[in-house]
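Hi everyone, thanks for making time. Let me put the structure up, and then I'll walk you through a few parts of it.

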Amino acid sequence: MTVEQVSPNGIDISKAKDGGVLKRIIKEGTGTDLPSKGNKVTVHYTGTLLDGTKFDSSKDRNTPFTFNLGLGSVISAWDIGVATMKRGEVCMLTCRSDYAYGKTGSPPTIPPDATLQFEIEMIDWQGEDLSPKENGAIIRTLISVGDGHSNPNEGSQVDVHLVGKYQNKVFEDRSVNFCLGEGIESGVPDGIEIALQKFKKGEKSILKLKPEYAFGEAGKPEFQIPPGATVEYEVELKSFEMEPESWSLDEEGRVEQAQLYKEKGTKYFKSGNLKLAVKMYKKILDFLNDDAEENSKSLKLAAHLNAALCHLKLNDNKDAVDHCDKALAIDSKNEKGLFRRGQGYLALAEPELAKQDFEAVLALAPENKAAANSIVICNGLIKEQKKKEKMIYANMFEKFAQKDREEKESRFGWWDGIRPVTPAPYRDEEVEEEQNSKSKDLQKKKEFIERMKKHKLEMEKEKEASVKDQVTTPGEDAADKNVEVDSSAKEEKETGRTEGPGPTI
């Protein structure tokens, strides 16, 4: 039996057992859990040289230090030592230079070939965040490390074992083989598919999935999982077979792979799994992106048209229009491309653009009743839009006119017979003189307007007297005249018409 040698500075925890990293526990931690690779750990530390010279301390800054464990973001002695610490533990790590800053040191505080000592306090750690938005929606905690350096990519055939738990109760325990990126067909949550692309063969980890990457707002009634639930999965990647990369295939190989994606897309479309269908059509385009051969063109055209159809059904109308644009760049007179783009524009409230596409469809296929009916719909919407625009502009002009009236009333109070009152009791002489001059001008204008109003009233009285002399001739009964006027008013009310100057036609 080998007895482990204990140095005064602690136990050798280096993997090579070469004395490069020594650990001495100052204060025991709590529990049995240890952080794993990728976890975000939070610690306090104080670093010193062997002679006791302090070169760094998070405690002096009163700010804990956070880093991702095992990813090489700190010196190797830390990745080794911190991985052995429990929550609340305080230890002393003695780190030989080849596990610290090596022959160069870290001037000016750390000399070359320096052995360092770190007093480290483990505050806490969290699992590795694998969520695309880094918002903690997919958290991985490693149980056992996998083999090799490669990870499965989307499209890889993976063989996994899943154990799902909700509130510590197992709701599923199964092995499943599926194509990565198509796991929804096998009931595999999105979060697992995303995380598996970071796994290595043989790795086992616990994944904590928030609802958006688990079962969403629908929940999983058959597993008694309510809406909006966070679940936990123990996932083991037993094996995987990588999907070939497009650059590794020749022209013929890329076309064959694209054809497989097309068949898959068609299968998913017919089964109503539109999102997976879109994913397959986009894979065709990724594989054939730079290919200019005729076979590739026809596949790309079909991929764009089919993706557009899926997006229309998913109500992703802008994406549908974009795919139609690309399809029409390949074949500018493609009937499906024009019609589907018209549908997209119509759903985006662009009836004039939609009408142009539907008219182009009719020019190619006059018997296309769907396009003809769509034009009728477009015309109705265009008419409605113009009516609304007319009302908007009318309201807009009225607001402008009201604003002008308010400004005039504010600037020229004399329009209502109100002389502006100047609030300031004291002014410089120049300002006061200017104000007096303006007041005199306004008073003159007011007097002029009053004279004009009086003159206008006098002219109107003369005009009325003149008209009365012409209409009321000698011997005419005033009562008869009143009946004629009333009769005319009645006719005007009934017909809704008013006649202006000039002959009646």
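So, what covers the buried residues of α4? The cover includes α5 (274–287) and α6 (294–313), where contact means heavy atoms within 4.5 Å. Before I go on: this is a predicted model, so local features need pLDDT of at least 70, side-chain atom pairs count only at pLDDT 80 or more, and totals for chains, interfaces and linings use all residues. Residues are numbered from 1 along each chain as its sequence is written, and side-chain values use heavy atoms, with hydrogens and water left out.

Back to α4, residues 251–270. Among its buried residues are G253, V255, Y261 and Y268; buried means under 20% relative accessible area, exposed over 50%, and partly exposed in between, with a 1.4 Å probe and protein chains only. Helices here are DSSP runs of H or I with at least four residues, strands are E runs of at least two, and both are numbered from the N terminus. The length of α4 works out: its 20 residues should span 28 Å at 1.5 Å a residue, and the end C-alpha atoms are 29 Å apart, which agrees. That expected span is 1.5 Å times one less than the number of residues. Just after α4, G272 has a positive phi of about 85°.

Take K283 and E243, with closest N and O atoms 3.7 Å apart. K283 sits in helix α5 and E243 in the loop between β14 (231–241) and α4, so the pair ties together parts 40 residues apart in sequence. K283 counts as buried at 8% relative accessibility, and E243 is buried too, at 11%.

Now R96 and D98: their closest N and O atoms are 2.8 Å apart. R96 is partly exposed at 29%, and D98 is partly exposed at 48%.

D79 lies in helix α2 (residues 76–82).

Last, the whole chain: 12 helices and 14 strands, with 35% of the 505 residues buried.

Terms used: Salt bridge = Lys/Arg side-chain N within 4 Å of Asp/Glu carboxyl O.
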